[in-house]
Amino acid sequence: MHDGECGCLEAFGQGESLLQDPSCLEELEDRLHFYVEECDYLQGFQVLCDLHDGFSGVGAKVTELLCDEYSGKGILTWGLTPVMSNMGDSQNSYRLMNTALGIVHLSSHSSLFCPLSLSGSLGIKPQPPIMFPYINYDASLNYHSSAILATALDTLTAPYRLCSSQGSMMHLAETLNFSGRKVVAAWASVPFPALHGYSLCDTLCAYQQDVPWNLLSSCGEQKVSCCFAQSVVLRGICKESHISCLRKQPASPLHACESTEQSLQHYLHAVFPGAFSTSHVLKQPCNTLPPYPQFFSPLLTPQGFLLDKPPGYSSAAVESIPVLAALQSSPVLHTLLYGLYKDLQRLNTRRWASFFSAGVEQADFQEALEELRTLSQCYETGLEADKSEDGADSD
């Protein structure tokens, strides 16, 4: 079913054409209806889709089908991109165009769309992969990168997956996608640097200025000072550990909180004042037993907590880790979306006639670029708006 000399889907148009084939579309609908009929309570759909190749076109058609047939149900789409290296000019240009078209179409047909990658940037200039302080991973190994992204994804989606959860997939989307902001950024601390023998309050007090997490949405930045709204999940921190916070004379406002949930919520309001923040604290850590890769720092205990110094003996395998993760509607997404728009404005698309011969019209591509620019404007603050105007004046 795949076209292209390398036997894969190379262009967005090839992916779209695949689902215009009646036999392929019929098979997809049959399987979809089978699983939907098996559901006791259908919240919605999670779609995981490559952004960098023709599968972005497949995902665009799938989400369009879901949106048409199951209106009112949540559609959360995750656009995945591997860490790229040593790409030729043609491959890089295809990647850029596939990514832009994927973001525009997938976000249009989804309740919420999140780019997810360990790549430092989705733009035309490659950036080094994301580094984690307590993980020594090889970004070129899918075995390593997929473990990290799966850990983040499993944590981020917990609010609507657990039996104890009160919110739904659509509820999560509606807390983040207001004002046309249907694209969100993912952040994660893998593992969360909880000190062995200390309370959550003690750990959070050590990070009053910057939250100890990494951006997993390839926005080219790793520091963020504000956001519009966020959904935060902390897992693997035993709620009983909060007891040590309850002292006669609290060392800080965090130590005066009566529970781990209150401590986390208080911390988020302090770091992100004015943002709409929802938070969840789960007792269950992330399991890291085999086949999960053992790429952790020797500073971690078998339960994933942080030691002051490496043990004097060979450390045991890390069996579980605490994780902090968040979905954010944030101005940092303006950097990603507007940066892609500017890169494609500079790209001479006439050189890549083969990309458009696969099914995407030049006029449709230009329209998608304008939609990308409009989408980026939803995340502007005063500073970003000034930069955008300066950039437009220089064109």
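A: Strand β2, which covers residues 74–81, is joined to β3 by 6 bridges, and the two run parallel. Within this pair, Gly79 stands opposite Pro115 in β3. The model is a predicted one, in which local features need pLDDT of at least 70 and side-chain atom pairs count only at pLDDT 80 or more, whereas totals for chains, interfaces and linings use all residues. Residues are numbered from 1 along each chain as its sequence is written, and side-chain values use heavy atoms, with hydrogens and water left out.

Helices (H or I, at least four residues) and strands (E, at least two) are DSSP runs numbered from the N terminus. Two strands count as paired if DSSP finds at least two bridges between them. In general, strands of a sheet pair through backbone hydrogen bonds, either parallel or antiparallel.

The pair β2 and β3 belongs to an open sheet of 3 strands, ordered β1-β2-β3, with parallel pairing. Its edge strands, β1 (44–50) and β3 (112–117), each pair on one side only. From one strand to the next, the twist averages 20°; axes are lines fitted to C-alpha atoms, for helices over the stretch in contact (heavy atoms within 4.5 Å), and angles run from 0 to 180 degrees between N-to-C directions.

There is also an open sheet of 5 strands, in the order β5-β4-β10-β6-β7, with mixed pairing. Here the edge strands are β5 (214–215) and β7 (276–282), each pairing on one side only. Strand β6 (residues 229–235) runs parallel to β7, and 7 bridges join them; Val232 stands opposite Ser279 in β7. Across β6 and β7 lies helix α9 (residues 260–271), running at about 150° to β7.
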